[in-house]
Amino acid sequence: MTNETTAQDFSNDAIATRAIHAGQEPDPTTGAVVPPIYMTSTFRQPHVGQPINGYDYSRSINPTRNVFDEQLAAIEGAKHALAFSSGLAAIDVLLRSVLKPGDRVMLGNDVYGGTYRLLSKVFEPWGVKITTVDVSDLAAVNKALNTESFALIWIETPSNPLLAITDIEATAAIAHEHGLIVVVDNTFASPALQHPLELGADVVAYSTTKYIGGHSDVVGGALVVDDDELAEKFGFLQNSAGAVPSPFDSWIQIRGLKTLPLRMQRHSENALAIAQHLEGADGIEKVWYPGLESHPGHDIAARQMHGGFGGMVSVQLSGGKAAALKFAESTRLFSLAESLGGVESLIEHPAAMTHASVAGTSNAVPDNLVRISVGIEDVNDLIADLDQALATVNA
Ligand SMILES: Cc1ncc(COP(=O)(O)O)c(C=O)c1O
C-alpha cells in the first residue's frame with residue numbers, strides 16, 4: 001500500500017514526519033502531492049440533502065481546511081483540531097462554548113493583552129468573572145482554588161511577554177480536583193515543542209498566525225482537543241458564528257506547518273544563543289528566556305518542552321523605558337513590529353504595543369521590557385544587530 005492515494009495512519013511516526021504527511025493523501029483525481037485549494041463556497045449535490053462526503057457549504061466544511069485540521073491534530077497527537085480565522089476567534093469560541101454568566105475564570109497574570117481584553121471587556125460585562133493569579137506559582141493556584149470557585153483556568157506557558165513557565169501536569173492535576181477545565185495557550189511553544197494534552201490539559205489554543213503559519217503572512221487560530229463532547233461544542237459554535245479561515249488561508253498554514261519542526265529547532269538555537277549573549281551585557285538588567293539556567297522555570301520547561309525552548313526572548317533595560325524604546329527603534333534586521341513567530345526577526349515594546357490593553361491592570365507589563373521574536377536568520381548577524389542597537393542605547 002505504498003503509493004495508494006488512500007488515507008494512511010502516521011500516528012507511530014515522529015513529529016517531523018507527521019507534519020509533512022498527515023492529512024496529505026495525494027489528490028485521488030490527479031495524484032497531486034500538495035492538497036488543492038478548494039476555493040469554493042458551495043458544492044453540487046447529486047440528490048436533495050445528500051452532499052458528497054458531507055461537503056455542503058464551506059463555512060461548515062471545506063476540504064482544504066479539513067487537511068489543515070487533520071495535520072494539526074496529528075502533530076499534536078490529538079483527536080480533534082479546529083481551525084479559525086484568528087487566534088482570538090478560536091479563544092472566543094472556546095470560552096463561549098464552556099462558560100456561562102456567573103462562572104469565574106482563573107487567568108494567568110502574564111498573558112497576551114488581547115486575551116485579557118476579550119475576557120475583561122467582552123466576557124466580564126456578559127457576567128463572567130475573572131481572577132488573575134500567578135499561575136506559574138502552584139501555591140498561588142492552590143490558594144485561589146481554596147478561596148473561590150472556578151470554571152476554567154487559562155495558562156500560557158511560556159507566557160507572553162515575560163516567558164513565565166507553568167508546570168502543566170501539576171497545575172492540571174490540582175485544577176481537575178476542583179473540576180476546572182484546563183486550557184493552555186500553546187502559541188509560544190508550538191506543537192513542535194510542547195503537547196499540553198499529554199500533560200493533562202483539556203484544550204490547547206493557538207494563534208496560528210505565529211509559529212504554525214510561520215511566515216507572517218496569515219492570521220489564524222486553532223483549538224486542539226481530545227474530548228469528543230468539547231470538540232462537538234466547538235464545532236457547533238464555529239459553524240454557528242462562522243469565524244473560519246478561507247481555503248487559501250488554510251492552505252498557506254498547511255504549508256507552514258510542514259516546516260514547523262525544522263523552524264522551531266533553528267528559532268530555539270538562535271534564541272538561546274541570543275539570550276546567553278545578552279545576559280549580563282552592558283545596559284541589560286534582566287533576560288527572560290526559559291532555556292537559561294537562571295530562569296526560575298528552567299527545570300520545568302526542560303521537562304515539559306522537547307527539542308528547544310522556543311524563539312521568544314524578553315529583556316529589561318537598565319536605562320528604563322527610554323532605553324527600551326531606543327533599543328527597539330535601533331535595530332537593522334529586527335523589524336519593529338507586533339506579532340511573532342515568523343522566519344524574520346521582530347522586536348517590540350509590549351507596554352506600548354501588544355500589551356497596551358493591560359496598562360494599569362494586574363496584568364500590566366514593565367515599561368523597560370522589550371520583546372524579541374528571534375527569527376531563523378544567521379545568528380551572528382542577529383547578535384551583531386542587537387549589539388549595535390545596545391551600543392546606541394549605552395552611548
Ligand atoms: C499567546 C497569544 N495568544 C493569542 C493571540 C491572539 O491571536 P491572533 O492575533 O491570531 O488573534 C496572540 C496574538 O499575539 C498571542 O500572542
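## Strand β6 and its partners

V204 in β6 is the bridge partner of V184; helices (H or I, at least four residues) and strands (E, at least two) are DSSP runs, numbered from the N terminus. The model is a predicted one, in which local features need pLDDT of at least 70 and side-chain atom pairs count only at pLDDT 80 or more, while totals for chains, interfaces and linings use all residues. Residues are numbered from 1 along each chain as its sequence is written.

Strand β5 (residues 181-185) runs parallel to β6, and 3 bridges join them; two strands are taken to pair if DSSP finds at least two bridges between them. With strand β7 (residues 221-225), β6 pairs in the antiparallel sense over 5 bridges, and V225 in β7 is the bridge partner of V203.

## Burial of β6

In strand β6 (residues 203-207), 5 of 5 residues are buried. A residue is buried if 20 or more other C-beta atoms, placed from the backbone, lie within 10 Å of its own, exposed if 12 or fewer, and partly exposed in between. In a regular strand the side chains alternate between the two faces of the sheet. Both faces of β6 are covered, with V203, A205 and S207 on one side and V204 and Y206 on the other.

## The sheet

The 7 strands form an open sheet with mixed pairing, in the order β1-β7-β6-β5-β4-β2-β3. Because β1 (80-84) and β3 (129-133) stand at the edges with a single partner strand each, one side of each is left without a neighbour in the sheet. Neighbouring strands are turned by 20° against each other on average, direction ignored. Helix α7 (residues 228-241) packs on the sheet and touches β1, β6 and β7, its direction making about 20° with that of β1. Axes are lines fitted to C-alpha atoms, for helices over the stretch in contact, and angles run from 0 to 180 degrees between N-to-C directions.

## K210

UniProt lists K210 in an unreviewed entry as "modified residue: N6-(pyridoxal phosphate)lysine"; such annotations may be inferred rather than shown by experiment. K210 is found in the loop between β6 and β7 and counts as buried because it has 25 C-beta neighbours inside 10 Å. Leaving aside neighbours within four places in sequence, K210 is in contact (C-beta atoms, placed from the backbone, within 7 Å) with T187, S339, L340 and G341.

## L99

L99 lies in the loop between α3 (87-98) and β2 (104-108). L99 counts as buried because 20 C-beta neighbours lie inside 10 Å. Beyond its neighbours within four places in sequence, L99 is in contact with V128, A151 and L152. The C-alpha atoms of L99 and I181 are separated by 9.9 Å, the two residues being 82 residues apart along the chain.

Methods
Contact = placed C-beta atoms within 7 Å.
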